[in-house]
Amino acid sequence: MPTQLRLGLYYAAIFIGTGASLPYMPVWFRSQGLSGAEIGIILAAPMLARIVVSPLAAVWGDGFRLRRTPLILFGAIAASAYASIGLVEGFAAWLVAWTIASCMLGTLPPLGDVIGLRLARREGFSYPFARGIGSVAFVLSNLAVGALLSLATPDLVLFWTITAATVATLAARFMLPAEPVHEGGEPPPRSGRWRGLSDLIRNRGFIIAVVGSGVIQATHGFYYGFSALLWRKQGIGEAWIGALWAIGVILEVAFMWFGEPWRRRVRPEVMVAIGGLAALIRWTAMAFSPPLWLLFPLQGLHALSFTATFLGSLALIERYAPPHAASAAQTVSSACAGGLFIGLATLASGPLFDAFGPYGYLGMTAMTLTGLATIALIIRKP
């Protein structure tokens, strides 16, 4: 089987779970009687924890001989923690279980990106195409669960997520190639791995790239946590909610698969800025509860607000990271974008949702302006 396809199937195994959990686990928590603020805390906790957990996991993972070994271990822990959510009860217990599961699952994409980017350079295939296969799985999962929720209880979401995490664990073992962590086969001493992380923290360009792109990506926090609840309140059915999520990811896949020639011509910092401008339009418009027909083109902006920002950030991180710190660089970036920044955004989103409903999106508009101002430092002075 071609390496590009094997890598794509691994991403599919990861995102078939997040396609259900990302939009619909808030629905499950709501069905258990939790408030918007409590849901916001549960969703934000692992995001904030990842700023510590992900770099530690990257440094620890670089101590193995093969890059896929820590992915197998993290996947197994995530599956077990998701299963425990159905066995415990109460806000505190769900908070602990969800935090462990999400932290472990959240380490898989950036560590997979390190493998994918390296293999794509060596073998000459398109990395975004492989990543796009994962996005296709996200869409299919999203549509399937959205349709099934009109017939089944929210418990379906939890069962689906547990099964998907188990599949991701198996896929790490049987789909990912036996790529060594280090060319010589032997890992460097632990002190050398920590030194690579320290070098990144002192790199001004790296920090600006991480903060600028990370803040723009984090503006999706209110959307991820509360869009399904807001659309339900607006009278939009579950199947349409699934379709709205799906159209954004379908265009995300199209961008990854067919936007490669354009992507190669545009500086990555400019691509991040384009994504930020799309986010600015998207969140401002969604704050005013637009009708269903207008929501579809706004969701189409996901191809820029998320995908262009994400792909631009990958290239920026590669630019500023030395080879010996590749794993740490991608996981630190992911931990900030998908951890610290989005965690703070999600933590604020709960009270914003309770107090202002859809106008909470305007908080994401303000965050987008901050991200654009930061990335402008690199655009002006490359």
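**Exercise 1. Is Thr374 buried or exposed?**

Solution. The structure is a predicted model, and residue numbers run from 1 along the chain.

Step 1: Thr374 lies in helix α17, which spans residues 361-380.

Step 2: compare its accessibility with the cut-off. Buried means a relative accessible area under 20%. Thr374 has 16%, so Thr374 is buried.

Step 3: list its contacts. With neighbours within four places in sequence left aside, Thr374 touches Ile208, Val211 and Gly212.

Step 4: check a separation. Thr374 and Arg265 are 109 residues apart along the chain, and their C-alpha atoms are separated by 22 Å.

**Exercise 2. Describe how helix α1 packs on helix α2.**

Solution. Two packed helices are described by the angle between their axes and the distance between the axes.

Step 1: take both values. Helix α1 (residues 3-31) and α2 pack at an angle of about 130 degrees, and their axes are 10 Å apart.

Step 2: classify the angle. Angles over 145 degrees count as roughly antiparallel, and 65 to 115 as roughly perpendicular. The angle therefore makes α1 oblique to α2.

Step 3: assign the hand. The crossing of α1 past α2 is right-handed.

Step 4: name the residues. Pro26, Phe29 and Arg30 of α1 meet Gly36, Ile39, Ile42 and Leu43 of α2. Sorted by class, the contact of α1 with α2 has 5 nonpolar, 1 polar and 1 charged residues.

**Exercise 3. Describe the packing of helix α2 on helix α3.**

Solution. Step 1: take both values. The axes of α2 (residues 36-61) and α3 (residues 68-85) come within 9 Å and cross at roughly 135 degrees.

Step 1: assign the hand. The crossing of α2 and α3 is right-handed.

Step 2: name the residues. On α2 the contact is made by Ala57, Trp60 and Gly61, and on α3 by Pro70, Leu73 and Phe74. The class count for α2 with α3 is 5 nonpolar, 1 polar and no charged.

**Exercise 4. How many salt bridges does the structure hold, and what is the setting of the pair Asp113 and Arg131?**

Solution. Step 1: give the count. The structure holds 5 salt bridges.

Step 1: give the distance. The closest N and O atoms of Asp113 and Arg131 are 3.2 Å apart.

Step 2: locate both ends. Asp113 is in helix α5 (residues 108-123) and Arg131 in helix α6 (residues 127-148), 18 residues apart.

Step 3: check burial. Asp113 has 4% relative accessibility, so Asp113 counts as buried. Arg131 has 6% and also counts as buried.

**Exercise 5. Which residue forms a salt bridge with Glu179, and which residue forms one with Glu269?**

Solution. Step 1: take Glu179. Its salt bridge is with Arg122, the closest N and O atoms being 2.8 Å apart. Glu179 is in the loop between α7 (155-174) and α8 (190-201), and Arg122 is in helix α5, 57 residues apart. Glu179 is buried, at 5% relative accessible area.

Step 1: Arg118, Arg122 and Glu179 are linked in a network of salt bridges.

Step 2: take Glu269. Its salt bridge is with Arg267, and the closest N and O atoms are 2.7 Å apart.

Step 3: Glu269 counts as buried at 0% relative accessibility, whereas Arg267 is partly exposed at 36% relative accessible area.

How values were computed. This is a predicted model: local features need pLDDT of at least 70, side-chain atom pairs count only at pLDDT 80 or more; totals for chains, interfaces and linings use all residues. Side-chain values use heavy atoms; hydrogens and water are left out. Axes are lines fitted to C-alpha atoms, for helices over the stretch in contact, and angles run from 0 to 180 degrees between N-to-C directions. Helices (H or I, at least four residues) and strands (E, at least two) are DSSP runs, numbered from the N terminus. A crossing is left-handed if the near helix is turned anticlockwise from the far one by less than a right angle, and right-handed if clockwise. Contact means heavy atoms within 4.5 Å. Ala, Val, Leu, Ile, Met, Phe, Trp, Tyr, Cys and Pro count as nonpolar, Asp, Glu, Lys and Arg as charged, and the others, Gly among them, as polar. A salt bridge is a side-chain nitrogen of Lys or Arg within 4 Å of a carboxyl oxygen of Asp or Glu. Buried means under 20% relative accessible area, exposed over 50%, partly exposed in between (1.4 Å probe, protein chains only). Angles under 35 degrees count as roughly parallel, over 145 as roughly antiparallel, 65 to 115 as roughly perpendicular and the rest as oblique.
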